[in-house]
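Here are a few exercises to work through with the structure open in your viewer. Try each one yourself before you read the solution.

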Amino acid sequence: MWAMILKEFLELRRDRRTMAMIIALPLLLLVVFGYAANFSVTDVPTRVYGPQAQAVSAKLKAPFHVKKVDPRGTEQQARDALRSQDAGAVVVTGPKGTTPTGSTPTASTPSTVLIDGSNLFSAQAAGSAARASGGVLRPEVLFNPHLKTSWVMVPALVGMIMAFIGTIITAIGLVRERQAGTLEQLAVMPFKASDVIAGKIAPYFVLAAFDMVLVTVLGCLLFGVPFAGNAAVLALGAALFLFTVLGIGVLISSVSQNQGQAMQMALLTLMPQILLSGMIFPLAAMAAGVRWIGYIFPLTYFNMISNGVMLRDAPLDSLALPLGVLAGMGILVFTAAILRFRRDLAPAAPKAARRPVAVGSAR
């Protein structure tokens, strides 16, 4: 028995990937649930528009964090700012941002707080603060007026499903082919590494795209989630996101020796994405250090795109940042995957060259 125990410890010590997961996963969960598991939003970026903007902004308290004051701002500008997610809440002074003809606005005139309902936890915090203002502020929730959790979760689930398919299925599939010797056969054929990768991931791309359409349609039908934006913008964001996560799956497969290692590494990359992308815990409620970790994951940026398109009808220019980041991530990851696969596809050099036998050598 003791010999078997010693044998298992020695095998674990040699399996560096398993040891890394055993150590890294508890640390990851500790950091995430210690610093990121927080639903209380205490900072809602706020803009104040209208003739009483200066007076009202001076009286706003937490969670409202005034970023801009514009006495000439209109209600339409306020709605556009929320749609582009330039703010989480916009205070429009006076009744709907106007005053009766010939009257003078006063500090007692109620102000309307337009709240971005697509950001669920920030909207709840802003709404509670507005209702507790003693009638000074009147909350109006846009894009998700009843603050339904399903309206926020369905766009995020679209990205999570694509991330699982793109990362896990791709990584396991390519490792299985390496174990079957398929990649060794490709090494003697006139294929480039980019050709091999493109051919291998094309079926997974189509499958993930089909699942994305299926989940989006069913989410809208079953949970009443609106699709307010342009489907072409969502398709562009989904294509860039899939390009990135498929590249991660290829990269994982290139450094894994078997399917178990590929599964471990895939889960190790997926868990922090799900926990730190804003899908479960709001980014605004996370500690600064953990929040910035969330910004290195592709799922964070796809959530911005899917949420913006489906709920807010966000214009393309307001989504330029997440789209550009996903494009850059995809190029970076695929370049690394191609370089790694190029080495794997290179024909193996003979281990030792045979010495020529001299004519007339000893018999």
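**Exercise 1. Salt bridges**

With which residue does Glu 140 form a salt bridge, and how far apart are the closest N and O atoms?

Solution. Keep in mind that this is a predicted model.

- Step 1: Look for a side-chain nitrogen of Lys or Arg within 4 Å of a carboxyl oxygen. For Glu 140 the partner is Arg 79, with the closest N and O atoms 3.1 Å apart.
- Step 2: Find the remaining bridge. The count for the structure is three salt bridges, and one of them joins Arg 83 and Asp 80 at 3.5 Å, N to O. Arg 83 and Asp 80 are three residues apart in helix H4, so about one helical turn separates them.
- Step 3: Glu 75, Arg 79 and Glu 140 end up in one network.

**Exercise 2. A charged residue without a partner**

Is Asp 211 buried or exposed, and how far away is the nearest side chain of opposite charge?

Solution. 

- Step 1: Locate Asp 211 in helix H8 (residues 193–223).
- Step 2: Asp 211 is buried, and the nearest side chain of opposite charge, Arg 176, is 15 Å away. A salt bridge needs the atoms within 4 Å, and Asp 211 has none.
- Step 3: See what is around it. Leaving aside neighbours within four places in sequence, Asp 211 is in contact with Ile 161 and Ile 165.

**Exercise 3. Phenylalanine pairs**

How are the rings of Phe 241 and Phe 302 arranged, going by distance and angle?

Solution. 

- Step 1: The structure holds five aromatic pairs. In this one, the rings are 4.9 Å centre to centre with 20° between the planes, and the pair is stacked.
- Step 2: Phe 241 is in helix H9 (residues 231–254) and Phe 302 in helix H12 (residues 298–312), 61 residues apart. Both Phe 241 and Phe 302 are buried.
- Step 3: Now try Phe 243 and Phe 334. Their ring centres are 4.4 Å apart and the planes make an angle of 10°, so this pair is stacked as well.
- Step 4: Phe 243 sits in helix H9 and Phe 334 in helix H13 (residues 320–345), so the pair ties together parts 91 residues apart in sequence.
- Step 5: Compare the cover. Phe 243 is partly exposed at 33% relative accessibility, whereas Phe 334 is buried at 8%.

**Exercise 4. Checking a helix**

What should the 15 residues of H12 span, and how far apart are its end C-alpha atoms?

Solution. 

- Step 1: At 1.5 Å a residue, H12 should span 21 Å.
- Step 2: The end C-alpha atoms are 21 Å apart, which agrees.
- Step 3: As for cover, 14 of the 15 residues of H12 are buried.
- Step 4: Just past the end of H12, Asp 313 takes a positive phi of about 55°.

Conventions. Residues numbered from 1 in each chain as written. Predicted model: local features only at pLDDT ≥ 70, side-chain atom pairs only at ≥ 80, totals over all residues. Heavy atoms only, no water. Helix = DSSP H or I, 4+ residues; strand = E, 2+ residues; numbered from the N terminus. Buried < 20%, exposed > 50% of the residue type's maximum accessible area, 1.4 Å probe, protein only. Lys, Arg positive; Asp, Glu negative; His and termini not counted. Contact = heavy atoms within 4.5 Å. Phe/Tyr/Trp six-rings, centres within 6.5 Å; stacked < 30°, edge-to-face > 60°. Expected span 1.5 Å × (residues − 1).
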